[in-house]
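Thanks for coming. I will take a few minutes to walk through one structure, and I will keep to what can be read from it.

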Amino acid sequence: MAKGRVTFDYELCKGCNLCVEFCPVKILELDKTQTNKKGYNIVNVIDPDKCIGCAFCAMMCPDSVITVERLK
Ligand code: SF4
Ligand code: SF4
């Protein structure tokens with residue numbers, strides 16, 4: 001199985017939750033306890049080792065917050 005690593009440019013996030021909904025392995029979640037400077041909730045990667053690098057999250061994000069690296 002491919003592996004990936006996701007990073008977020010948190011200050012651009014608007015907390016819309018689309019990336020969370022479309023991640024096929026369900027490793028993203030909206031962090032209700034943290035906001036960026038604009039006041040939007042940011043996204044946590046709850047189990048980074050399970051990322052398969054599919055980039056669905058980055059494709060769905062309307063604000064280009066997410067960068068996906070394929071590790072192999
Ligand atoms: S690259 Fe795919 S598996 Fe990894 S966080 Fe994004 S949607 Fe989930
Ligand atoms: S899709 Fe983009 S803007 Fe929406 S919660 Fe995810 S990272 Fe933030």
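Keep in mind that this is a predicted model. I start with the largest nonpolar core, which has 12 residues. Its members are Val6, Phe8, Cys13, Cys19, Cys23, Leu28, Val43, Cys51, Cys57, Cys61, Val65 and Ile66. As background, nonpolar side chains in soluble globular proteins tend to be buried together.

Take one of the core residues, Cys23. Setting aside neighbours within four places in sequence, Cys23 is in contact with Leu28, Phe56 and Cys57.

Now ligand 2. This ligand is surrounded by 14 residues, and the closest are Cys13, Cys16, Cys19, Cys61 and Val65. The shell around ligand 2 contains 10 nonpolar, two polar and two charged residues.

Last, the start of the chain. Ala2 sits in the segment before strand 1. Is Ala2 buried or exposed? Ala2 counts as exposed, because it has 10 C-beta neighbours inside 10 Å, and the cut-off for exposed is 12 or fewer. Beyond residues up to four places away in sequence, Ala2 touches Ile52, Gly53, Arg70 and Lys72. Ala2 and Gly53 are 51 residues apart along the chain, with their C-alpha atoms separated by 6.6 Å.

Technical notes
Residues are numbered from 1 along each chain as its sequence is written. Chains are lettered from A and ligands numbered from 1 in the order in which they are written. This is a predicted model: local features need pLDDT of at least 70, side-chain atom pairs count only at pLDDT 80 or more; totals for chains, interfaces and linings use all residues. Helices (H or I, at least four residues) and strands (E, at least two) are DSSP runs, numbered from the N terminus. A residue is buried if 20 or more other C-beta atoms lie within 10 Å of its own, exposed if 12 or fewer, and partly exposed in between; C-beta atoms are placed from the backbone. Two residues are in contact if their C-beta atoms, placed from the backbone, lie within 7 Å. A residue is near a molecule or strand if its C-beta atom, placed from the backbone, lies within 6 Å of it. Ala, Val, Leu, Ile, Met, Phe, Trp, Tyr, Cys and Pro count as nonpolar, Asp, Glu, Lys and Arg as charged, and the others, Gly among them, as polar. A nonpolar core is a set of buried Ala, Val, Leu, Ile, Met, Phe, Trp, Tyr and Cys residues joined through C-beta atoms within 7 Å.
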